[in-house]
Amino acid sequence: MTRLNCFQLPGILWLAGFSLLAFTNCTPSGGTTGALSGDAASQVYVAPGEYDEFYAFMSGGFSGQVTVHGLPSGRLLKTIPVFSLDAEKAYGFNEETKPMLQTSKGFIPWDDSHHPELSQTKGSTDGRWLFINGNNTPRIARIDLTVFETMEIIEIPNSGGNHSSPFITENSEYVVAGTRFSVPYPQADVAISSYKENFKGMLTYVSVGEEGEMDIAFQILLPAFDYDLAHSGKGKSHGWTFFTTYNTEQKTSLLEVAASQNDKDYIAAINWKKAEEYIAQGKFREVPAKWAHNVYDEKKHSATSTMNDKVKVLIPEDCPGLVYFIPTPKSPHGVDVDPTGEYIVGNGKLSSDLTVHSFTKMLAAIENKAYETEISGIPVLKFEEVVAGAVKDAGLGPLHTEFDGRGNAYTSFFISSEVVKWKIGTWEVLDRAQTFYSIGHLMIPGGDSADPDGKYLIALNKITKDRYLPTGPELCHSAQMYDISGDKMKLLLDFPTMGEPHYAQGIAASKIVPNVKKFYPIEENEHPYRALGEKDTKVVREGTDVHVYLTTIRSHFSPDNIEGVKVGDKVYFHVTNLEQDWDVPHGFAVMGANNSELLIMGGQTETLLWYPKEVGVIPFYCTDFCSALHQEMQGYIRVSPANSSIALSWSLGEEEPVQ
Amino acid sequence: MFLAVISLLCLFLFPMWRITLLAPQYPQGVTMYIHINKIAGDSPGTLQNVNILNHYVGMKFIEPESIPELKYFPYIILGLSFLGLIAAAINKSGFYFAWCVLLVALSVAGIYDFYLWEYDYGHDLAANAPIKIPGASFQPPVFGVKQIINFTAISYPALGGIFAGLAIPFAFMAGWIKQKST
């Protein structure tokens, strides 16, 4: 085992090793294609016109969006706008979706999306919804997988950054949100050095209703640490959620050193069933907190934003049995629960070992009050009473673990840039595969659920370097797919991704495809400015506001000649797409629009606000090549001086203009 | 004889005729069902989609409300069924054969009407149609498969039409059995 050489590198090297130093010192013998064999191409080949077997949903990272890929081909199928503006789809630009990006801090056009999480029923992914967290301005979004659109965004108050989120419970009872940065509670103008006295870390449970609707059920006030990642229990550990912490040193500066001193940090184990009891008993404090709740109505084709002003907070001192700390070595990053719910893997990112805790032992330690100490009324369990075992010298910089449902676990190691396969229970390393380069998260479809589909593993790499044709200083992030169906992992495919995909989720296409909608039934359109046929089209002036009720159908706008608009007006183009066929969107663009185009699906209404600034006749046109006569799909709007007496009129074809 | 009447009345349950259009952009095809009282598609938007396609070459819109046959056809079928029941009540072979001949005559007339209707849609094109193809006919077939520019049109009787067709041999058999037994 020449590999041992890299593990024997002095500690100082691997602290500095968040470069590729460690990696370059242990260049694998297999070359940069790994164990690529001749039949890899046929394993990822999806013939023209055929469907991929799996959907993969990847966080867009600093793009704020979600991308949808097919597996095994890796093909990009769609970008779903979630937390960031998207001019292509008018997301955040049209009047209907502007409320989706409202927060207590006003309109926020961007976020940093990290962890997609599919809804689950009995621990299995069910294909109804995808949740994803916004890290910067703390939020959780819900995407409806019948339309692949963002339907709801909820803001998380009392949080400094929503990283350990959403990590759903096994029947989609809750999605969770833990603050990565502890902040003063309540927020106040205090010295940064007063961290220990004034700062707190808040965990949040967001309930998920029958129709997916979210609400903040309660928050739990914890000591000021950094809450990094989480996973909810399943099976026997259903009813618990586990959050990793770092910076239990409680430092505020030069954390790369200062927060890496403690030998062990904690995994916070939250008994959320207990929390429900305390809420029912009224043992919460209702505290003021501003948070926005934005909901898109599929019938009105419009979102509304509601501002809320309080939350229920549980304080562990008042609620015994609610929270326990499990000591876990070296700043654990991901915390992952195996499919049975028994084993809780703490991926100590500054360690070469992986620590695995036992849920059964944890319950016994709680029963026997095997406490090491207490922090703010929270018992710290004795490490040796909870630990089940460790995967020794597995690699450098373990970050995340997923499972294949066959008793094996797969852990990503950032520094040594590899995936390591190991056996649950015996903790022996079975196989290792290099990644190119420096893997962060990894994903097996259903790999964090009770029911993994252990056929493929996706490595989501942080560094790309020379993997593709160079594109200047900025490169795409690279995903890699491995066949894990056999004893040895086999690299099959590299494919580029958008932004920085942190986590991803995968699901059998058969769980989603039968429910996918092809268009919106026009008779169900309840948009207040809809026009359900060309007979309903009109132009209405209300002071300086002009409402144009416009329709699209192959291949014309109705009306397509509009006069009587004046400089200084605010013109709202309410465009209804009358098409009732799959894949016939129409676009709408008008010269000088300060926002974006519209891209309207069949049966939908969207509104573009346009300010006519100069006198003239301005063209508008369809941006989506809709038909053989797409290029003819155009119109004119005449802009007259502010003091003009030209009356509003509109027409289509040879008919007399309507006034 | 009752079988014949029941078969005929199946027209109220199932469509008479089915026309499917296939093209590269429509791999699953666009299918219209002609019932005795309406024209429907395989989805609520089908008729609109067919009309959108037709308007490029100037074909008239298919508007079921403006097709008179769809209004009086149900009464003809009801009347015919009533006559069939009377024939059964009289129970004479001659009446069965007469009913049979009447049904054949009306079926031929109906199919000829269908042909005229298709001819009209396929040939009466708007003068200002965006796409004009000299010599092309857009008339779908009554029975069989035909290429209409980029579309393959497939037209066959549907379940209701097949049952209505079966009414003819059923009635004939009723007459024949009666004749043999007397």
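Where in chain A is the place of Phe148(A)?

## Backbone features in chain A

In this predicted model, Phe148(A) sits in the loop that runs between strand E8 (139-144) and strand E9 (149-155) of chain A. Most residues other than glycine have a negative phi, and most peptide bonds are trans. Phe148(A) counts as buried because its relative accessibility is 9%, and buried means under 20%.

Chain A also holds cis peptide bonds. One joins Leu71(A) and Pro72(A), with omega about 15°. Pro72(A) belongs to the loop between strand E2 (66-71) and strand E3 (76-80) of chain A. Another joins Ser558(A) and Pro559(A), where omega is about -10°. The loop that contains Pro559(A) lies between strand E38 (556-558) and strand E39 (561-566) of chain A.

## A positive phi in chain B

Asn91(B) has a phi near 55°, a positive value in a residue other than glycine. This residue is in the loop between helix H3 (69-90) and helix H4 (93-123) of chain B. Is Asn91(B) buried, partly exposed or exposed? With a relative accessible area of 32%, Asn91(B) is partly exposed.

## Nonpolar cores

The largest nonpolar core has 43 residues, and those touching the most other members are Met1(B), Leu8(B), Ile62(B), Trp99(B) and Trp117(B). Several elements of chain B each supply at least two residues of this core, among them helix H1 (2-9), strand E1 (17-23), strand E2 (26-34), helix H2 (46-55) and helix H5 (159-181). H4(B) gives the most, with seven residues.

Leaving aside residues up to four places away in sequence, Trp117(B) touches Ile34(B), Ile39(B), Ile62(B) and Ile67(B).

## Packing of H1(B) against H5(B)

Two packed helices are described by the angle between their axes and the distance between the axes. For H1(B) and H5(B), the angle is about 165° and the axes are 7 Å apart. H1(B) is therefore roughly antiparallel to H5(B), as angles over 145 degrees count as such. The crossing of H1(B) past H5(B) is left-handed.

Which residues in H1(B) meet residues in H5(B)? On the H1(B) side they are Leu3(B), Ala4(B), Ser7(B) and Leu8(B). On the H5(B) side they are Phe163(B), Ala164(B), Ala167(B), Phe170(B) and Ala171(B). The residues of this contact divide into eight nonpolar, one polar and no charged. Leu8(B), part of this contact, is also one of the residues that touch the most other members of the largest nonpolar core.

Notes
Residues are numbered from 1 along each chain as its sequence is written. Chains are lettered from A and ligands numbered from 1 in the order in which they are written. This is a predicted model: local features need pLDDT of at least 70, side-chain atom pairs count only at pLDDT 80 or more; totals for chains, interfaces and linings use all residues. Side-chain values use heavy atoms; hydrogens and water are left out. Helices (H or I, at least four residues) and strands (E, at least two) are DSSP runs, numbered from the N terminus. Buried means under 20% relative accessible area, exposed over 50%, partly exposed in between (1.4 Å probe, protein chains only). A nonpolar core is a set of buried Ala, Val, Leu, Ile, Met, Phe, Trp, Tyr and Cys residues joined through side-chain atoms within 4.5 Å. Contact means heavy atoms within 4.5 Å. Axes are lines fitted to C-alpha atoms, for helices over the stretch in contact, and angles run from 0 to 180 degrees between N-to-C directions. Angles under 35 degrees count as roughly parallel, over 145 as roughly antiparallel, 65 to 115 as roughly perpendicular and the rest as oblique. A crossing is left-handed if the near helix is turned anticlockwise from the far one by less than a right angle, and right-handed if clockwise. Ala, Val, Leu, Ile, Met, Phe, Trp, Tyr, Cys and Pro count as nonpolar, Asp, Glu, Lys and Arg as charged, and the others, Gly among them, as polar.
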